[in-house]
Amino acid sequence: MDTLEKKLSETYKPGFGEFMSNIQVHHEKLWFAGQYQIWKLADFEIHEIMEIIEDIETYLAEREESKQIGMINPAIDSLTLAIQAENLPLFKSSFVNLTNTCNNCHRAVDFVFNKVKLPETPPFSNQDFSVQK
Ligand code: HEC
């Protein structure tokens, strides 16, 4: 039993910052998927964000900050509706709302210095957001 517990405690587990860096990438890709109206990609990206949030709830349940993570759900829900409706203006306003919620949580957990904003350029040069329509 002791060895099993020891083994478990030595199992690699991503930290909060790693999950967030991952969310950062999908937040950015999601924006460009929406801008280019590649709605299937937007749907994929928002599900990636949802999965990471679930992972935070599962693997970092003991972290005080995890108690606040639920505040993001209404913003995710309205963005999901905008994607399903393939509605660009609604997508934009919902994405702004999502981004504000990211910062609201950072403020709530004393990480206000990690400020996110609307992306300006696609994150990677090896992914084409423009041709898949
Ligand atoms: C629990 C509420 C919460 C929500 C909601 C949240 N974050 Fe975070 N975020 C944190 C915490 C806590 C950290 C600091 C993590 C650490 O300990 O390294 C963080 C850190 C970050 C970082 C810095 C990561 C690094 O290590 O460089 C980025 C970027 C980030 N968040 C992006 C986002 C984005 C984008 C969203 C919204 C889609 C979001 N966050 C929503 C709590 C939250």
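Predicted model: local features only at pLDDT ≥ 70, side-chain atom pairs only at ≥ 80, totals over all residues.
**View 1. The iron atom of the ligand and its protein donors, Met20 and His106.** The protein supplies the SD atom of Met20 and the NE2 atom of His106 as donors, and these lie 2.0 to 2.3 Å from the iron atom of the ligand. Because the six donor atoms around the iron subtend angles of 86 to 179°, the arrangement is octahedral. Met20 belongs to helix 2 (residues 16-35) and His106 to helix 5, so the pair ties together parts that are 86 residues apart in sequence.

**View 2. The contact of helix 2 with helix 3 (residues 39-59).** The axes of these two helices come within 8 Å and cross at roughly 165°, and the helices are therefore roughly antiparallel to each other. Their crossing is left-handed. Among the residues that meet here are Phe16, Phe19, Met20, Ile23 and Leu30 in helix 2, and Trp39, Leu41, Ile46, Ile49 and Tyr59 in helix 3. The residues of this contact divide into 15 nonpolar, four polar and four charged.

**View 3. The contact of helix 4 (residues 73-84) with helix 5 (residues 88-108).** Here the helix axes come within 9 Å and cross at roughly 160°, which makes helix 4 roughly antiparallel to helix 5. The crossing of helix 4 and helix 5 is left-handed. From helix 4, Ala75, Ile76, Ser78, Leu79, Ala82 and Ile83 take part in the contact, meeting Leu90, Phe91, Ser94, Phe95, Asn97, Leu98 and Thr101 in helix 5. Nine of the residues in the contact of helix 4 with helix 5 are nonpolar and four are polar, with no charged residue.

Definitions and conventions:
Residues numbered from 1 in each chain as written. Heavy atoms only, no water. Axes fitted to C-alpha atoms, helices over the stretch in contact; angles between N-to-C directions. Helix = DSSP H or I, 4+ residues; strand = E, 2+ residues; numbered from the N terminus. Parallel < 35°, antiparallel > 145°, perpendicular 65-115°, else oblique. Left-handed = near helix turned anticlockwise from the far one by under 90°. Contact = heavy atoms within 4.5 Å. Nonpolar A, V, L, I, M, F, W, Y, C, P; charged D, E, K, R; others polar. Donors = N, O, S within 2.8 Å, 3.2 Å for Na, K, Ca; no water. Tetrahedral: all angles 85-135°; square planar, octahedral: opposite > 155°, others 65-115°.
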